[in-house]
Amino acid sequence: MFSTLMDDIERSKTFMTILGFVFIFGFLLLVYRRLNAALPLIPIVIIVGWNGAIMYLSGLEYTPLTAVLGSMTIGVASEYTILIMERCNEELARGLFLYDAIQVSVQKIGTAITVSGLTTVFGFAALMLSEFNIVANFGITTVITVFFSLTGAIFIMPAVISVIYRFQGIR
């Protein structure tokens, strides 16, 4: 019975992740009404890939708790990346040039995101000490997810904004 459960988890985790991307993409299009709204999804795809690679390399197995990693990553990372994008758009609206707007955005909102994310990391790190393997693995994957989400928002999102906005002629 447990092997059937694990097979179902293995099959459905990809579907859940893709569905998460579709929901976030649809919501962003609904709210912003422009295709640029999808920019936060670019670093999130990378972050989901990093999470899968780390799980594979570290030998973490999929369980009912770790199988939600993709959807959880999308939720956490979308918040951080959207905040960076929004702050950059505000700075551009104030008249800053693109690179200055990106720099100010990361300086201003990046600190808040980092402190918030690290607080979450340390909170979930307590789960890693659990003697129950499933809970410990969930703690590990959650810490990895939030850490990669922070990294993606602070380092990758500004690069994505820079490339896409420059391509669109925003200076």
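The largest pocket has a volume of about 160 Å³. This is a predicted model, where local features need pLDDT of at least 70, side-chain atom pairs count only at pLDDT 80 or more, and totals for chains, interfaces and linings use all residues. Residues are numbered from 1 along each chain as its sequence is written, and side-chain values use heavy atoms, without hydrogens and water.

A pocket is an open set of points on a 1 Å grid, where a 1.4 Å probe fits, with protein on both sides within 12 Å along at least five of seven lines; lining residues have an atom within 4 Å of a point. Its volume is the space filled by probe spheres set on the points.

Among the lining residues are Lys13, Thr17, Asn51, Tyr62 and Thr73. H1 (2-32), H2 and H3 (69-93) each supply at least two residues of this lining. Helices are DSSP runs (H or I, at least four residues), numbered from the N terminus.

Two helix pairs follow, with axes fitted to C-alpha atoms over the stretch in contact and angles from 0 to 180 degrees between N-to-C directions.

| Helix pair | Axes | Angle |
|---|---|---|
| H2 (41-58) and H5 (133-167) | within 9 Å | roughly 145° |
| H4 (98-125) and H5 | 9 Å apart | about 175° |

H4 is therefore roughly antiparallel to H5 (angles over 145 degrees count as such).

H2 meets H5 through residues including Ile46, Trp50 and Asn51 of H2 and Phe148, Gly152 and Ile156 of H5. Contact means heavy atoms within 4.5 Å. Asn51 also lines the largest pocket.

How values were computed: Angles under 35 degrees count as roughly parallel, over 145 as roughly antiparallel, 65 to 115 as roughly perpendicular and the rest as oblique.
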